[in-house]
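Please keep the sequence and the model in view while reading.

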Amino acid sequence: MTNAAKRTNVCYPVRAMQMGNYSMFGFYRRSKAMPSLDGNLKWWVIESERFDLEAKASFRVFEAVVAQSEEAAIDHLRISDKKLDKTLMNAAIRAGQIEDEFEWEPVSTHVRHLSVSSVATEEEVAKRDEVLLGMLKEHHFFLDEFKEDPQMAVGGGIYD
(Lines give C-alpha, C1' and ligand atoms only; values in the text may rest on other atoms or scores of the structure.)
Protein backbone atom coordinates (compact mmCIF):
# COMPACT_ATOMS: atom_id res chain seq x y z
CA MET A 1 0.00 0.00 0.00
CA THR A 2 1.38 3.43 -0.86
CA ASN A 3 1.99 6.09 1.78
CA ALA A 4 -0.67 8.30 0.19
CA ALA A 5 -3.17 5.43 0.35
CA LYS A 6 -2.31 4.85 4.01
CA ARG A 7 -2.84 8.53 4.83
CA THR A 8 -6.25 8.62 3.16
CA ASN A 9 -7.20 5.21 4.52
CA VAL A 10 -7.82 3.93 0.99
CA CYS A 11 -6.57 0.60 -0.24
CA TYR A 12 -6.01 -0.06 -3.95
CA PRO A 13 -5.42 -3.76 -4.55
CA VAL A 14 -2.72 -3.91 -7.24
CA ARG A 15 -3.63 -7.41 -8.35
CA ALA A 16 -7.26 -6.40 -8.91
CA MET A 17 -6.17 -3.36 -10.91
CA GLN A 18 -4.01 -5.58 -13.11
CA MET A 19 -6.88 -8.01 -13.68
CA GLY A 20 -9.39 -5.23 -14.41
CA ASN A 21 -11.89 -6.74 -12.00
CA TYR A 22 -13.46 -3.54 -10.66
CA SER A 23 -17.03 -2.65 -9.87
CA MET A 24 -18.45 0.61 -11.19
CA PHE A 25 -17.34 2.33 -7.97
CA GLY A 26 -13.70 1.29 -8.40
CA PHE A 27 -13.69 -1.31 -5.65
CA TYR A 28 -12.47 -4.85 -6.21
CA ARG A 29 -15.31 -7.28 -6.90
CA ARG A 30 -14.74 -10.57 -5.24
CA SER A 31 -17.27 -13.22 -6.19
CA LYS A 32 -18.29 -15.64 -3.49
CA ALA A 33 -17.37 -19.25 -4.04
CA MET A 34 -20.21 -21.71 -4.42
CA PRO A 35 -20.79 -23.78 -1.27
CA SER A 36 -18.57 -26.83 -0.81
CA LEU A 37 -20.02 -30.22 -1.70
CA ASP A 38 -19.18 -33.71 -0.42
CA GLY A 39 -17.68 -36.49 -2.49
CA ASN A 40 -15.78 -34.50 -5.14
CA LEU A 41 -19.05 -33.13 -6.45
CA LYS A 42 -18.98 -29.88 -8.43
CA TRP A 43 -21.66 -27.36 -9.33
CA TRP A 44 -22.94 -27.35 -12.93
CA VAL A 45 -25.30 -25.04 -14.79
CA ILE A 46 -27.06 -26.59 -17.77
CA GLU A 47 -28.89 -24.49 -20.34
CA SER A 48 -31.38 -26.57 -22.31
CA GLU A 49 -33.86 -26.04 -25.08
CA ARG A 50 -37.24 -27.59 -24.37
CA PHE A 51 -40.45 -27.76 -26.39
CA ASP A 52 -43.79 -26.85 -24.81
CA LEU A 53 -46.23 -29.43 -26.21
CA GLU A 54 -49.35 -27.36 -25.54
CA ALA A 55 -48.11 -24.01 -26.84
CA LYS A 56 -46.09 -25.67 -29.61
CA ALA A 57 -43.12 -23.39 -28.86
CA SER A 58 -39.50 -23.79 -27.84
CA PHE A 59 -38.04 -22.19 -24.75
CA ARG A 60 -34.74 -22.16 -22.89
CA VAL A 61 -34.29 -23.10 -19.26
CA PHE A 62 -31.32 -22.98 -16.88
CA GLU A 63 -30.87 -25.60 -14.18
CA ALA A 64 -28.28 -26.27 -11.49
CA VAL A 65 -27.07 -29.78 -10.75
CA VAL A 66 -24.21 -31.31 -8.78
CA ALA A 67 -22.02 -34.06 -10.19
CA GLN A 68 -18.42 -35.19 -10.57
CA SER A 69 -18.32 -34.84 -14.36
CA GLU A 70 -20.16 -33.26 -17.28
CA GLU A 71 -21.61 -36.63 -18.28
CA ALA A 72 -22.87 -37.27 -14.75
CA ALA A 73 -24.36 -33.74 -14.62
CA ILE A 74 -26.34 -34.40 -17.80
CA ASP A 75 -27.44 -37.78 -16.42
CA HIS A 76 -28.57 -36.20 -13.13
CA LEU A 77 -30.64 -33.67 -15.08
CA ARG A 78 -32.23 -36.47 -17.13
CA ILE A 79 -33.09 -38.44 -13.97
CA SER A 80 -34.49 -35.31 -12.31
CA ASP A 81 -36.66 -34.60 -15.37
CA LYS A 82 -38.07 -38.14 -15.21
CA LYS A 83 -38.86 -37.78 -11.51
CA LEU A 84 -40.60 -34.44 -12.10
CA ASP A 85 -42.59 -35.85 -15.01
CA LYS A 86 -43.73 -38.80 -12.87
CA THR A 87 -44.70 -36.46 -10.02
CA LEU A 88 -46.74 -34.27 -12.38
CA MET A 89 -48.43 -37.36 -13.88
CA ASN A 90 -49.36 -38.70 -10.44
CA ALA A 91 -50.76 -35.29 -9.45
CA ALA A 92 -52.88 -35.21 -12.63
CA ILE A 93 -54.21 -38.72 -11.86
CA ARG A 94 -55.06 -37.73 -8.25
CA ALA A 95 -56.79 -34.56 -9.46
CA GLY A 96 -58.88 -36.59 -11.90
CA GLN A 97 -57.45 -34.80 -14.95
CA ILE A 98 -56.38 -38.16 -16.44
CA GLU A 99 -57.30 -41.74 -15.60
CA ASP A 100 -53.92 -43.42 -15.80
CA GLU A 101 -50.36 -43.13 -17.10
CA PHE A 102 -51.48 -44.07 -20.62
CA GLU A 103 -53.34 -40.77 -20.95
CA TRP A 104 -50.39 -38.73 -19.71
CA GLU A 105 -48.61 -36.27 -21.96
CA PRO A 106 -45.64 -34.41 -20.51
CA VAL A 107 -45.81 -30.62 -20.33
CA SER A 108 -42.60 -30.25 -22.33
CA THR A 109 -39.89 -32.37 -23.89
CA HIS A 110 -36.15 -31.94 -23.95
CA VAL A 111 -34.78 -30.87 -27.34
CA ARG A 112 -31.05 -30.35 -26.69
CA HIS A 113 -28.47 -29.03 -24.25
CA LEU A 114 -27.23 -25.60 -25.30
CA SER A 115 -24.44 -25.42 -22.71
CA VAL A 116 -23.09 -27.43 -19.80
CA SER A 117 -20.77 -25.42 -17.54
CA SER A 118 -18.93 -26.24 -14.35
CA VAL A 119 -19.23 -23.22 -12.03
CA ALA A 120 -17.17 -22.39 -8.97
CA THR A 121 -18.45 -18.92 -8.04
CA GLU A 122 -21.76 -17.14 -7.69
CA GLU A 123 -20.63 -14.71 -10.39
CA GLU A 124 -20.27 -17.59 -12.86
CA VAL A 125 -23.84 -18.69 -12.13
CA ALA A 126 -25.13 -15.11 -12.44
CA LYS A 127 -23.44 -14.68 -15.83
CA ARG A 128 -25.51 -17.60 -17.08
CA ASP A 129 -28.76 -16.90 -15.21
CA GLU A 130 -29.34 -14.44 -12.38
CA VAL A 131 -32.76 -15.97 -11.67
CA LEU A 132 -31.09 -19.33 -10.99
CA LEU A 133 -28.57 -17.76 -8.63
CA GLY A 134 -31.40 -15.99 -6.81
CA MET A 135 -33.30 -19.28 -6.43
CA LEU A 136 -30.19 -21.05 -5.10
CA LYS A 137 -29.37 -18.28 -2.62
CA GLU A 138 -32.98 -17.94 -1.43
CA HIS A 139 -33.02 -21.63 -0.50
CA HIS A 140 -29.48 -21.85 0.93
CA PHE A 141 -28.33 -23.57 -2.28
CA PHE A 142 -30.57 -26.58 -1.50
CA LEU A 143 -27.56 -28.11 0.26
CA ASP A 144 -29.62 -30.52 2.40
CA GLU A 145 -31.68 -31.59 -0.62
CA PHE A 146 -28.60 -32.17 -2.79
CA LYS A 147 -27.00 -34.14 0.05
CA GLU A 148 -30.10 -36.34 0.29
CA ASP A 149 -30.56 -36.70 -3.49
CA PRO A 150 -27.60 -35.58 -5.65
CA GLN A 151 -29.56 -36.56 -8.76
CA MET A 152 -31.89 -33.59 -8.47
CA ALA A 153 -31.93 -30.33 -10.41
CA VAL A 154 -32.92 -26.80 -9.44
CA GLY A 155 -34.60 -24.74 -12.14
CA GLY A 156 -33.92 -21.11 -12.77
CA GLY A 157 -35.08 -18.74 -15.45
CA ILE A 158 -37.24 -19.71 -18.43
CA TYR A 159 -36.71 -17.72 -21.62
CA ASP A 160 -38.18 -17.59 -25.14
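Helices (H or I, at least four residues) and strands (E, at least two) are DSSP runs, numbered from the N terminus. The model is predicted, so that local features need pLDDT of at least 70 and side-chain atom pairs count only at pLDDT 80 or more, whereas totals for chains, interfaces and linings use all residues. Residues are numbered from 1 along each chain as its sequence is written, and side-chain values use heavy atoms, with hydrogens and water left out.

**Salt bridges**

A salt bridge is a side-chain nitrogen of Lys or Arg within 4 Å of a carboxyl oxygen of Asp or Glu, and by this rule the count comes to 7. Three of them are listed here.

| Pair | N to O distance |
|---|---|
| Asp-75 and Arg-78 | 2.4 Å |
| Glu-49 and Arg-112 | 2.7 Å |
| Asp-38 and Lys-147 | 3.7 Å |

Asp-75 and Arg-78 are separated by about one helical turn, because they stand 3 residues apart in helix 3. Burial is stated as relative accessible area (buried under 20%, exposed over 50%, partly exposed in between; 1.4 Å probe, protein chains only). On this scale Asp-75 is partly exposed at 28%, and Arg-78 is partly exposed at 41%.

Glu-49 belongs to strand 1 and Arg-112 to strand 3, so their pairing ties together parts 63 residues apart in sequence; Glu-49 counts as buried at 15%, while Arg-112 is partly exposed at 46%.

**Nonpolar cores**

A nonpolar core is a set of buried Ala, Val, Leu, Ile, Met, Phe, Trp, Tyr and Cys residues joined through side-chain atoms within 4.5 Å. The largest has 16 residues, and Trp-43, Val-125, Leu-132, Leu-136, Phe-146 and Val-154 have the most contacts inside it. Strand 1 (42–52), strand 2 (57–67) and helix 5 (130–138) each give two or more residues to this core. A second, separate core of 8 residues includes Trp-44, Ile-46, Ala-67 and Ala-73.

**Largest pocket**

Helix 3 gives the most to the lining of the largest pocket, with 7 residues. By class, that lining holds 8 nonpolar, 6 polar and 5 charged residues, where Ala, Val, Leu, Ile, Met, Phe, Trp, Tyr, Cys and Pro count as nonpolar, Asp, Glu, Lys and Arg as charged, and the others, Gly among them, as polar.
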